[in-house]
Amino acid sequence: MTSRTTLLPAPDRVDFGRTVWTWRRAGTALRVDRRSVLVCAALAVVLSALAVLTLGTGSFSFTPAQVLSALFDPDADSRARLVVVNWRLPRLLFAIVCGAALAISGALFQSLTKNPLGSPDVIGFASGSYAGASVVMLLLGTADYLAVASGSLIGGALTAFLVYLLAYRNGLAPFRLIIVGIAVGAFLSSLTSMMLLSVSPQQAMLAATWGAGSLSGLGFEQLRATAVVFVVLLICSAAVVRPLVHLELGDDAAVALGIRAQRARLAATLVGVALTALVTAAVGPISFIALAAPQIAQRLTRASTTVRIVPAALTGAVILVGADFVAQRVDLPVGVVTVCVGGAYLAWLLARRYTGRRA
């Protein structure tokens, strides 16, 4: 007897009546939300279009056909391959990876805190990564990529440990985590400013430029290490999603389902911090992607939870690629563009919550 694989609309409805697709094989079933699949497909199309536009425009312009030829045809025009593949492609891939990593990190923390403001750049973890990198550049006097990346990762990890330690009181309350994180982030930002004022103008300018968040000057050598670490963290993110979904129902319900609440929160915190530190180590701090992308993805999919990592990752990639496209045209670091857009989004989000509307 052979097993059959079918893909068909399920007759029942789950999660507030949203139709699901069911994939059945050999007595097992996998349910996939139809709207999420369609949203992810649409985001992938938008991301592909933005990628072709980014690769084909600039000082040297190419048609979409020339861009695709340069990417997939080894015998394509040598000038097009040089510009598209060697110069522009690493920056694009960095934008995709970093946007996805920040969005996943934001989704994890917003699920942990049960608050749309609970993103790593708001609660201080990004400040910790920036402070760690600043110590390497300003106090140790080196701008080596590996050294700065290591300082960023260590700074983010130490900040997470400090916030977790200060916020833990017979458990980790989401609101307490946000308040403690904001306080620690403010302290680390002040510490970084103090270091900038205590060094030479040349050193301060170097650190400030890096701190603006930029995708310029990055190649495949740096991309390989960043991509490998991102894949590992992506697998870890997928492993912590299920416990977080149950924790959103409350600790009592999660424990009844066999979830160890504090262990799940610690694991999600470590993965989220590592994703933020990875981006900060690679390109500097980029704000508001982690804040906005999970919320936008949740609205597009109409999901009951923010911890949908695939829609969030695609949304984050689209936002950062689009922001970098704008940044290249106005000759600014991409972090400056995301701050401008994200500041307006944060003001709108706070206004919505203050007036009692659903954010």
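So, cavities: this predicted model holds one of 30 Å³ or more. By cavity I mean a set of points, on a 1 Å grid over the protein atoms alone, where a 1.4 Å probe fits but cannot get out. Points are joined across faces, edges and corners, and the volume is the space filled by probe spheres set on them. The largest cavity comes out at about 40 Å³.

Which residues line the largest cavity? They are Ser111, Leu112, Lys114, Leu244, Leu247, Glu248 and Arg265, where lining means having an atom within 4 Å of a point. Helix 3 (78-113) and helix 8 (220-247) each put at least two residues into that lining. Helices here are DSSP runs of H or I with at least four residues, strands are E runs of at least two, and both are numbered from the N terminus. By type, the lining splits into three nonpolar, one polar and three charged residues.

Quick housekeeping. Local features need pLDDT of at least 70 and side-chain atom pairs 80 or more, while totals for chains, interfaces and linings use all residues. Numbering runs from 1 along each chain as its sequence is written, and side-chain values use heavy atoms, with hydrogens and water left out.

Okay, aromatics. Rings of Phe, Tyr and Trp (its six-membered ring) pair if their centres lie within 6.5 Å; planes under 30 degrees apart are stacked, over 60 edge-to-face, and the rest tilted. That rule gives three aromatic pairs. One of them is Tyr130 with Trp210, tilted, at 5.8 Å centre to centre and 35 degrees between the planes. Tyr130 sits in helix 4 (residues 125-139) and Trp210 in helix 7 (residues 201-211), so this pair ties together parts 80 residues apart in sequence. Tyr130 and Trp210 are both buried, meaning under 20% relative accessible area, with exposed over 50% and partly exposed in between (1.4 Å probe, protein chains only).

Then there's Tyr164 with Tyr168, a stacked pair at 6.0 Å centre to centre and 25 degrees between the planes. Buried or exposed, Tyr164? Buried, at 16% relative accessible area, whereas Tyr168, at 36%, is partly exposed.

Zooming out: the protein has 13 helices and three strands, and buried residues make up 49% of its 359 residues. Of the contacts (heavy atoms within 4.5 Å) with a separation of 6 or more, 68% join residues 24 or more positions apart.

How values were computed: On a 1 Å grid over the protein atoms alone, a cavity is a set of points where a 1.4 Å probe fits but cannot get out, and a pocket is an open set with protein on both sides within 12 Å along at least five of seven lines; lining residues have an atom within 4 Å of a point. Ala, Val, Leu, Ile, Met, Phe, Trp, Tyr, Cys and Pro count as nonpolar, Asp, Glu, Lys and Arg as charged, and the others, Gly among them, as polar.
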